[in-house]
Amino acid sequence: MQKSIITTAATRSKCESLTINPLCKFRKNSPFVGIIICLIIFSFSGALFAQNNPSAMLDVASNNKGVLIPRVSLTSITDISTVVSPATSLLVYNTATVGIPPNNVSPGFHYWTGTKWNLLGSITTFAEFYALMPGDNTATIAAGSPIEFPQNGPTNGIITRINASQFNIPAVGIYMVDWQVSIAEAGQLILQLNGTDIATSVVGRATGTSQIIGHTYITTLLPNSVLTVVNPSGNPVALTINPGAGGTRAVSANIIITRMQ
């Protein structure tokens, strides 16, 4: 079985840092002997060489052992002191439970996105924005005007608000969007992405006084896309936010954005 062996400074550096075998360490007076011993050990163990997989830089095979990822104690999802200048895609296992939401961390595998540590295997992008009526929206929403959701709900801090009615989606992807607003008239609502109507997102009703509810998937093709809920242009009436909506308590309007892919 042929194995790729490269005797370079990089190989020598790896040997210095690994603890596969104490012989795989270099002495100042015998660096070449160290290289030879190191390569022999690697050749027999198969620990650091891709064997039958030409697409792999590293193919680790064992029936009773695993790969041990570095364990660190992060202080928050934006921590760049514990691991200094982390490279994008860097993987670590965090051992700490610390911090205040939404920047808290808990034990698990985390990878660096370039701006924050994401917990591996979790939903990495989500946000809720809401309004409490009366007070958070104007009395009527004219055709072509947006609904405001000026309060921040749960979020992991990636999707952010631009203002009360516009929300920034920084990464290209597929997102699920849910929204609801209590309206006094027959009417419609629609999503806009970067100022353009999403025709498949139109929801409405012909009569009654109740919530207008929307649920759809959208695809962003540009980074830092702007999402808005509006009373569609060309509709004949302004919409009245209905704070009572059939009871004694003021109701809320909300929009929830979750990344699916």
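Are Phe 129 and Phe 167 buried or exposed? Phe 129 is buried, and so is Phe 167 (buried means under 20% relative accessible area, exposed over 50% and partly exposed in between, with a 1.4 Å probe and protein chains only).

A note before the views: this is a predicted model, in which local features need pLDDT of at least 70 and side-chain atom pairs count only at pLDDT 80 or more, while totals for chains, interfaces and linings use all residues. Residues are numbered from 1 along each chain as its sequence is written, and side-chain values use heavy atoms, with hydrogens and water left out.

**View A. Phe 129, Phe 149 and Phe 167 form one aromatic cluster.** The structure holds four aromatic pairs (rings of Phe, Tyr and Trp, the last by its six-membered ring, pair if their centres lie within 6.5 Å; planes under 30 degrees apart count as stacked, over 60 as edge-to-face and the rest as tilted). One of them is the stacked pair of Phe 129 and Phe 167, at 4.4 Å centre to centre with 20° between the planes. Phe 129 belongs to strand E5 (residues 126-132) and Phe 167 to strand E9 (residues 167-169), so the pair ties together parts 38 residues apart in sequence. Strands here are DSSP runs (E, at least two residues), numbered from the N terminus.

**View B. Five strands make an open sheet with antiparallel pairing, in the order E7-E5-E17-E10-E14.** Two strands pair if DSSP finds at least two bridges between them. Strand E7 (151-155) and strand E14 (210-220) are the edges; each has a single partner strand, so one side of each is left without a neighbour in the sheet. Within the sheet, E10 (residues 173-183) and E17 (residues 252-259) run antiparallel and are joined by six bridges. Look for Asp 178, which stands opposite Ile 256 in E17.

**View C. Strand E2 pairs with E1 in the parallel sense and with E3 in the antiparallel sense.** Two bridges link E1 and E2, and Arg 71 has Tyr 93 in E2 as its bridge partner. Four bridges link E2 to E3 (residues 108-112); here Leu 91 has Tyr 111 in E3 as its bridge partner. Val 92 and Asn 94 make up the covered face of E2, and Leu 91 and Tyr 93 the uncovered one.

**View D. Asp 79 sits in the loop between strand E1 (71-72) and strand E2 (91-94).** Although buried, Asp 79 has no salt bridge (a side-chain nitrogen of Lys or Arg within 4 Å of a carboxyl oxygen of Asp or Glu). Lys 116, the nearest side chain of opposite charge, is 13 Å away. A polar atom of the Asp 79 side chain does lie 2.8 Å from the backbone nitrogen of Ser 81.

Terms used: Lys, Arg positive; Asp, Glu negative; His and termini not counted. Polar contact = N/O pair within 3.5 Å; in protein donor to acceptor, adjacent residues only side chain to side chain.
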